[in-house]
Amino acid sequence: MVSHKTTRRNLLKTVGIAAGAGLAASYLGACARKEDTKPAAAGGTAQEMASQQSSGTSGELTPDLIDKAHETVVKQFPAKTEGEGCLPLEPKIDGDVKVFELTCKEVDWEVKPGIKIKAWTYNGTVPGPLLRFKEGDKVRIVIKNELPESTSLHLHDLRVPNKFDGVTYVTNPPIKPGETQVYEFVATAPGSHMYHSHHNAYEQITRGLAGGIIVDPKDGRNYGETQDIMILLNDGALGYTINGKQFPATKPIVAKKGEIVRLRLMNTGQLYHPFHLHGLPMKIVEIDGFPLANPWMCDTISLNPGNRYDAIVKADNPGVWAFHCHVLTHAESPQGMHSMVTVFIVQE
Ligand SMILES: [Cu+2]
């Protein structure tokens, strides 16, 4: 994953909003709804969340307060929070084997400023670290469970020996608390993939036990991209998240005019999330790691649970372009934008 350095001041300048000191703190206290000040109940269903997010009506707010709330939350973006997921995990080298070590553990995860939720993580982040292999790599994954219940590791959808498919009691015994399991395989499926628990999976994945995998093809196939960015979606106990964060704590995509950006969109959640990019068409070049013979253009790509889409975006239209889930209860309310929203910035 390519990281970007964008200061809030620069972004706001680009957006055309002057930074208003102290505005957010004084204002949010007056008009925040309950779910803005309390973490979502761990284990709450996505449907419950959807009804919570959408139940707020503008009834108690005047039109001016609605405007103010919208302005306030945009001015906070990109808000700083503790913790960042999807960062590459450096393997240890054991002879000709790349060894990746994962530890499942609970942490307090800050999904947006001041809101920490008990998350179940790989190595302490949501999503877990990026596992990146080259096609043909010999890989060993050592997974240790420090959670209070059993878990498992499913590599979705690498072609691995059946005994490493990670479905408890189908192919693998559960990894009980305190236990470690070792997976060994050759990385043979180039493309964008995921890993996640396959044990009590609804609870465990939606609490954070998911991450991204990239297998780089040995023939070096690419799409001329100058940036390669993973966007991993989830929903459930941590709310509706992009890479483990809710707007305004999501991260902007920043490109210089003319750059080619590869977005690896992945959905580990339980709901479909049609992601809509303003101002910049997306060319879908791979689905679930399979290159398309005939790539196609779109501005909205609907990610079903389990899907991965590789989209190529030519950053040819300068500006600040919203990039958000178009199920609008996942993105907007009378209190402004929230959850599955970020922006794609094209700099002149
Ligand atoms: Cu959505």
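Predicted model: local features only at pLDDT ≥ 70, side-chain atom pairs only at ≥ 80, totals over all residues.
User: What makes the contact between Glu-71 and Lys-68 a salt bridge?

Analyst: The side chains of Glu-71 and Lys-68 approach to 3.6 Å, N to O, and because a salt bridge requires a side-chain nitrogen of Lys or Arg within 4 Å of a carboxyl oxygen of Asp or Glu, the pair qualifies. Both residues belong to helix α5 (residues 63–76), where they are three residues apart, about one turn of the helix.

User: Which other salt bridge does Glu-71 form, and how do you know that it counts?

Analyst: Glu-71 also pairs with Lys-75, with the closest N and O atoms 3.1 Å apart, and that value lies within the 4 Å limit. Lys-75 is likewise in helix α5, four residues from Glu-71, about one turn of the helix.

User: Why is Lys-75 called buried, and what are Glu-71 and Lys-68 called?

Analyst: Lys-75 has a relative accessible area of 10%, and because buried means under 20%, the term applies to Lys-75. Glu-71, at 30%, and Lys-68, at 33%, each fall between the 20% and 50% limits and are therefore partly exposed.

User: How do you know that Glu-286 and Arg-262 form a salt bridge, and what parts does the pair tie together?

Analyst: Their side chains meet at 3.4 Å, N to O, which is within the 4 Å cut-off. Glu-286 lies in strand β15 (residues 282–287) and Arg-262 in strand β13 (residues 260–267), so the pair ties together parts that are 24 residues apart in sequence. Glu-286, with a relative accessible area of 0%, and Arg-262, at 4%, are both under the 20% limit and are therefore buried.

User: Which network includes Glu-286 and Arg-262, and how many salt bridges are found in the whole structure?

Analyst: Glu-286 and Arg-262 are linked by salt bridges in a network with Arg-132, Asp-216, Arg-221, Glu-225, Asp-228, Arg-264 and Asp-310. A search of the whole structure finds 21 salt bridges.

User: What makes His-273, Cys-325 and His-330 donors of the copper ion?

Analyst: The atoms concerned are ND1 of His-273, SG of Cys-325 and ND1 of His-330, lying 2.0 Å from the copper ion, and because N, O and S atoms count as donors within 2.8 Å of this metal, these three are its protein donors. Their spacing in sequence is H-x51-C-x4-H. His-273 in strand β14 (residues 273–277) and Cys-325 in strand β19 (residues 319–325) link distant parts of the chain, 52 residues apart. His-273 and Cys-325 each have 0% relative accessibility, under the 20% limit, and therefore count as buried.

User: Why is Ser-197 called buried, and what makes its approach to Gln-204 a polar contact?

Analyst: Ser-197 has 0% relative accessibility, so the value is under 20% and the residue counts as buried. The side chains of Ser-197 and Gln-204 are joined at 2.7 Å, which is within the 3.5 Å limit for a polar contact. Ser-197 is placed in the loop between β8 (191–196) and α6 (201–206). Leaving aside residues up to four places away in sequence, Ser-197 touches Tyr-122, Thr-151, Ser-152, Gln-204, Ile-205 and Leu-209.

User: How many aromatic pairs are there, and why is Phe-77 with Phe-247 called stacked or tilted?

Analyst: The count comes to six aromatic pairs. The rings of Phe-77 and Phe-247 have centres 5.0 Å apart and planes at 20°, so this pair is stacked, the angle being under 30 degrees. The pair links distant parts of the chain, 170 residues apart, with Phe-77 in the loop between α5 and β1 (92–94) and Phe-247 in the loop between β11 (241–242) and β12 (253–256). Phe-77 and Phe-247 are buried.

Technical notes: Residues numbered from 1 in each chain as written. Heavy atoms only, no water. Helix = DSSP H or I, 4+ residues; strand = E, 2+ residues; numbered from the N terminus. Buried < 20%, exposed > 50% of the residue type's maximum accessible area, 1.4 Å probe, protein only. Donors = N, O, S within 2.8 Å, 3.2 Å for Na, K, Ca; no water. Polar contact = N/O pair within 3.5 Å; in protein donor to acceptor, adjacent residues only side chain to side chain. Contact = heavy atoms within 4.5 Å. Phe/Tyr/Trp six-rings, centres within 6.5 Å; stacked < 30°, edge-to-face > 60°.
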